[in-house]
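My plan is to look things up bit by bit and jot down what I find.

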Protein chains: 2
Amino acid sequence: VAERESQIVLGLDPDPSDLWPGSEAAAQEGLPAVSRIGMAVLGHCHALIDATAEACVAVKLQLARFEALGAVGWTLMGALADHARELGLLVIADGKRGDIDVSARAYASALIDGLQTPFGRLEGLGADLLTVNPLMGADAIEPFVTAARSVGSGVLVLVRTSNPGAADVQDLPVEGGGTVWERLATIVDDLGRPGVGEAGLSDVGAVIGATEPRHLQRARELMGAATFLLPGVGAQGGRVTDLAPAFAPGRAGGLITASRSIAGAHKATGAPPAAAAREETERLRAAAWALSA
Amino acid sequence: VAERESQIVLGLDPDPSDLWPGSEAAAQEGLPAVSRIGMAVLGHCHALIDATAEACVAVKLQLARFEALGAVGWTLMGALADHARELGLLVIADGKRGDIDVSARAYASALIDGLQTPFGRLEGLGADLLTVNPLMGADAIEPFVTAARSVGSGVLVLVRTSNPGAADVQDLPVEGGGTVWERLATIVDDLGRPGVGEAGLSDVGAVIGATEPRHLQRARELMGAATFLLPGVGAQGGRVTDLAPAFAPGRAGGLITASRSIAGAHKATGAPPAAAAREETERLRAAAWALSA
C-alpha cells in the first residue's frame, strides 16, 4: 500500500454479456463458444487491468465468474494473476471457500501454495490473499491460515458482508451479548494474533461491507490488527468517506474493492471505457488516500 | 431412491497421495505432472464409481479436491459427472458456495444450468443437487434455488455441519431462543416451501452432520420436507443407526454420504480396494434401507 500509494482493489467480475466494446474482437469466429467467450473475457480483463493498474494495489478475482467458464475459466485466472503480478499488483482470490479440514487444505492448495504429489508438483494460483467463509468454525478456517502463513500470504474472513440479506444470519443477536458477526470478529482476532507483522497488521483480515459504515467502528474495536477488505463502494451504495475507522491501524488497514463501478464507469460519462475506468479508479484512490492520511 | 433402493451417496474426494493401487498406471510417463495426476485421479474415481454404483443413488464431487488440480480438475468433474449419469446416478456438487446475487448466479451457472452469452452457450456441470453456504443470508441462497428449481435440480444448505468446529458459530444461542443453526433451518424451510413435490419433499434440503445425532430430531421438526444430506458416517464417527429421524418424511428424506470410509475400506480388511469398497457401500445401503423401512 505504501509503495503504490493506493488502497484500491480492482475487482475482476467479468459478465460475458457486459464486456467492454471491442472485447469481442478477441473472440475468433469459428471457434467453440467456450473458447470465444474465454478469449473475449480475457481481452476485457486485460484491458481493465492495464487501464487501472497504476492506481491499484491489487486485483480481486471473483471466482464465480471464472468458474462459470469451466476449465477455461481456471486457465484464465492463472493468466490474469500472472499479468497482475507483472504489474506489481497483489492477487486476491475471492472464492469465499469454507470446508472441513482436508477439503479446506485442498482449497488452499488450489488457491495459494499448490500441492506435492507422488506424480510431481501441482502449482496453485499463488494468491496473496483469499476470502474464506467462517460458518463452519475455527477448525475450518485454520487450514487456510496455516497454508497462507507458510508462504507469506493472508486470509480475509467474511465477518459482515455488504448484501442486504447479510442481516439474516450475521446480525442475529447472541445470548450473552453481541451479534453473530461480532463473534466471527473474535474468531478472526484470535486466529490472527500469531500473524501480526512489523506494520502492526495481521495475516488474518476480515471482509466488512462498506454499505453499513456503522459496523466499521465496532469491527475495528474487535479486530485491531486486521486488514479490512471493504466491498460495496459504488454499485452497492457504499461511500469512501464513511470508511475512516478501517484505517485506524494504518493505511493498509483498509482495502477498498470496486468492480462494477470501475468497469462500468463509461456508462455514466460516455467516455471510452478505459479512460473512464482509469479516472474512476484514480478518484477512489485519491479519496481513500486523503481520508487515511 | 425408490428406484435404486439406496440412500447412499458415494463421495468423490480424491487425494492424489492416496489413490487406489494401480491408478498410477493411468498416469503416462513423460507427461507433465498435472496431466499425470489428472489421469491417475480419473482412473481412481472411475474405478471407485464402477465398484460401488450399484449400491448408490448419487455421487458427490468434493469440489476442493478437483480445484486443487486447476483447469484439469474441472474437466475431470465434467467427465465423472457424465459417467455417473450414464450409470443412473444423481450428481451432487459439493462446493459449499455462497455469495451475493450476481456471483451466486454465476456459481449456479457453473454447477447447474450453464449460461447463455452473446458468443454462444456455456454448459454447466448439470448437478442435480449442490451444497450452499447460508452465512450471507437468504438473498445469497435464492439465486441457487431459482436456478436449481428451473431445471428440476435442488439445493442443500449447510445447517449443522459434521466438523468439531461447527459448534463455534452454528451452535451459538440466539437471543429469543434457539441456535444459529436452528435459524438457518427456518430459512431452509421458508425457501423450500414453494418447492415441495409429489413425494412430500422439497427442492431445498439441508446438510446435517451425522456426527451429532441429537440434532437430527430437532432438525426434522424445523424442516419437515427437507432432504437431509448426512455427512460424517464412517471416517468422522457417525453411525447409520442414529439417523432414523432423517427418514421421517420417507426414505428419500436422508441421503448418507460416505467418502473415505468407502474408498479406504480395503485398508482395514486387506481385500482388493474395489471389492472392499463394494462391500462397505452395500453394508451402508442395507443398514440405511432397513432402518428407514
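**Entry 1**

Is B:Glu282 buried, partly exposed or exposed? I looked it up, keeping in mind that this is a predicted model. B:Glu282 has 34% relative accessibility, so I wrote it down as partly exposed. Its side chain meets the side chain of B:Arg285 in a salt bridge, at 2.9 Å from N to O. B:Arg285 is buried, with a relative accessible area of 16%. My note on the spacing: the two are about one helical turn apart, because B:Glu282 and B:Arg285 sit three residues apart in helix H11 (residues 273–291) of chain B. A reminder to myself: side chains of opposite charge can pair when their charged atoms come close.

**Entry 2: pairs that reach along the chain**

How many salt bridges does the structure hold over all chains? I got 40.

I picked B:Lys267 and B:Asp18, which form a salt bridge with their closest N and O atoms 2.6 Å apart. The two come from distant parts of the chain, 249 residues apart. B:Lys267 belongs to helix H10 (residues 265–269) of chain B, while B:Asp18 is in the loop between strand E1 (8–12) and helix H1 (33–52) of chain B. B:Lys267 is exposed, at 54% relative accessible area, and B:Asp18 is partly exposed, at 37%.

Next I went to chain A, where the side chains of A:Asp94 and A:Lys60 meet in a salt bridge of 2.7 Å, N to O. They too link distant parts of the chain, 34 residues apart: A:Asp94 is in strand E3 (residues 90–97) of chain A and A:Lys60 in strand E2 (residues 58–62) of chain A. I checked the burial of both: A:Asp94 is buried, and so is A:Lys60.

**Entry 3: where the chains meet**

How many residues of chain B are in contact with chain A? I found 70 residues of chain B in contact with 70 residues of chain A. Chain B and chain A bury about 5,700 Å² between them, and 64% of it is on carbon and sulfur atoms.

Four salt bridges turn up across the interface of chain B and chain A. I noted B:Arg97 with A:Glu67, which form a salt bridge with the closest N and O atoms 2.8 Å apart. I also wrote down 27 residue pairs in polar contact between chain B and chain A.

Which element gives the most to the side of chain B that touches chain A? It's helix H4 (residues 101–113) of chain B, with six residues. By class, that side of chain B has 37 nonpolar, 18 polar and 15 charged residues.

Then I compared the copies. A rotation of 180° with 0.0 Å of shift along its axis superposes chain B on chain A, with an RMSD of 0.0 Å. The two copies are thus related as by a two-fold rotation axis. I also saw that 100% of the interface residues of chain B are interface residues in chain A too, so the copies meet through the same surface.

**Entry 4: one asparagine**

I zoomed in on B:Asn163, in the loop between strand E7 (154–160) and helix H6 (166–170) of chain B. B:Asn163 counts as buried, with 5% relative accessibility. What does its side chain make a polar contact with? The partner of B:Asn163 is the side chain of A:Asp139, at 2.7 Å. Setting aside neighbours within four places in sequence, B:Asn163 is in contact with A:Ile100, A:Met136, A:Asp139, A:Ala140 and B:Gln236.

**Entry 5: a helix and a loop in chain A**

Helix H4 (residues 101–113) of chain A is mostly covered, as 10 of its 13 residues are buried. The buried ones include A:Ser103, A:Tyr107 and A:Asp113. After H4(A) comes A:Gly114, whose phi is positive, near 70°.

Last stop: A:Ala210, in the loop between strand E8 (204–208) and helix H8 (214–222) of chain A. A:Ala210 is buried, at 1% relative accessible area. Not counting residues up to four places away in sequence, A:Ala210 touches several others, among them A:Leu230, A:Pro231 and A:Leu243. I also noted that the C-alpha atoms of A:Ala210 and A:Val240 are separated by 8.0 Å, with the two 30 residues apart along the chain.

Key. Residues are numbered from 1 along each chain as its sequence is written. Chains are lettered from A and ligands numbered from 1 in the order in which they are written. This is a predicted model: local features need pLDDT of at least 70, side-chain atom pairs count only at pLDDT 80 or more; totals for chains, interfaces and linings use all residues. Side-chain values use heavy atoms; hydrogens and water are left out. Helices (H or I, at least four residues) and strands (E, at least two) are DSSP runs, numbered from the N terminus. Buried means under 20% relative accessible area, exposed over 50%, partly exposed in between (1.4 Å probe, protein chains only). Contact means heavy atoms within 4.5 Å. Buried area is the accessible area (1.4 Å probe) that two parts lose on being put together, summed over both. A polar contact is a pair of N or O atoms within 3.5 Å; within protein, one must be able to donate a hydrogen and the other to accept it, and residues adjacent in sequence count only if both atoms are side-chain atoms. Ala, Val, Leu, Ile, Met, Phe, Trp, Tyr, Cys and Pro count as nonpolar, Asp, Glu, Lys and Arg as charged, and the others, Gly among them, as polar. Copies are superposed by least squares on the C-alpha atoms of residues with pLDDT of at least 70 in both.
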